[in-house]
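Please look at the sequence and structure first.

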Amino acid sequence: MDKQQAFADKLQGRIDEFSAEIQKLKAKASQAEAQGRIEIQSRLDSLKIRRDDVADRLEAIRRASEDSWEELRQGADDALEALTKGVRETRERVTEALR
């Protein structure tokens, strides 16, 4: 397996992982009080946008030539980091809202 395919597979795995996490957070958020639910739903919407951004970058990497995909890698890494941070912060907010 070449580096490009390995990176794409890793990125797809993370997208799948975060999609499942977003669904779990959505289910938990439904138990929060009204105001907390509104804020959490806004955060979840933002996470879905970030996840879709990572997925778009993954598709660009898959379509890129073997010589050019590395140029796209940093952007994908940055987008994944933003998604990771957003999921972590949302998970914390959901936990707080359920206390």
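## Helices α2 and α3

The crossing of α2 and α3 is left-handed. In this predicted model, helix α2 covers residues 34–63 and helix α3 covers residues 69–97. Their axes lie 9 Å apart and the helices pack at an angle of about 160 degrees. Angles over 145 degrees count as roughly antiparallel, and α2 and α3 are therefore roughly antiparallel to each other.

Where α2 meets α3, the contact residues comprise 16 nonpolar, 4 polar and 9 charged.

## Helices α1 and α3

Helix α1 runs over residues 3–29. The axes of α1 and α3 come within 11 Å and cross at roughly 20 degrees, which makes α1 roughly parallel to α3. The crossing of α1 and α3 is left-handed.

On the α1 side, the residues that meet α3 include Phe-7, Leu-11, Arg-14, Phe-18 and Leu-25. On the α3 side, those that meet α1 include Trp-69, Arg-73, Leu-80, Leu-83 and Val-94. By class, the contact of α1 with α3 holds 11 nonpolar, 3 polar and 7 charged residues.

Helix α3 has 29 residues, which should span 42 Å at 1.5 Å a residue. The C-alpha atoms at its ends are 41 Å apart, in agreement with that value.

Several residues of α3 are buried, among them Trp-69, Ala-76, Ala-79, Leu-80, Leu-83, Gly-86 and Val-87. Thr-84, Thr-90 and Arg-93 are also on the list of buried residues in α3. The buried residues of α3 pack against α1 and α2.

Is Glu-21 buried or exposed? Residues under 20% relative accessible area count as buried, so Glu-21, at 17% relative accessibility, is buried. Glu-21 is found in helix α1. Leaving aside residues up to four places away in sequence, Glu-21 touches Val-87 and Arg-91. Glu-21, Val-87 and Arg-91 are among the residues at the meeting of α1 and α3.

Ala-8 is also found in helix α1, and its relative accessibility of 2% makes Ala-8 buried. With residues up to four places away in sequence again left out, Ala-8 touches Leu-58 and Arg-62. The C-alpha atom of Ala-8 is separated by 27 Å from that of Lys-26, a residue 18 places away along the chain.

Terms used
Residues numbered from 1 in each chain as written. Predicted model: local features only at pLDDT ≥ 70, side-chain atom pairs only at ≥ 80, totals over all residues. Heavy atoms only, no water. Axes fitted to C-alpha atoms, helices over the stretch in contact; angles between N-to-C directions. Helix = DSSP H or I, 4+ residues; strand = E, 2+ residues; numbered from the N terminus. Parallel < 35°, antiparallel > 145°, perpendicular 65-115°, else oblique. Left-handed = near helix turned anticlockwise from the far one by under 90°. Nonpolar A, V, L, I, M, F, W, Y, C, P; charged D, E, K, R; others polar. Buried < 20%, exposed > 50% of the residue type's maximum accessible area, 1.4 Å probe, protein only. Contact = heavy atoms within 4.5 Å. Expected span 1.5 Å × (residues − 1).
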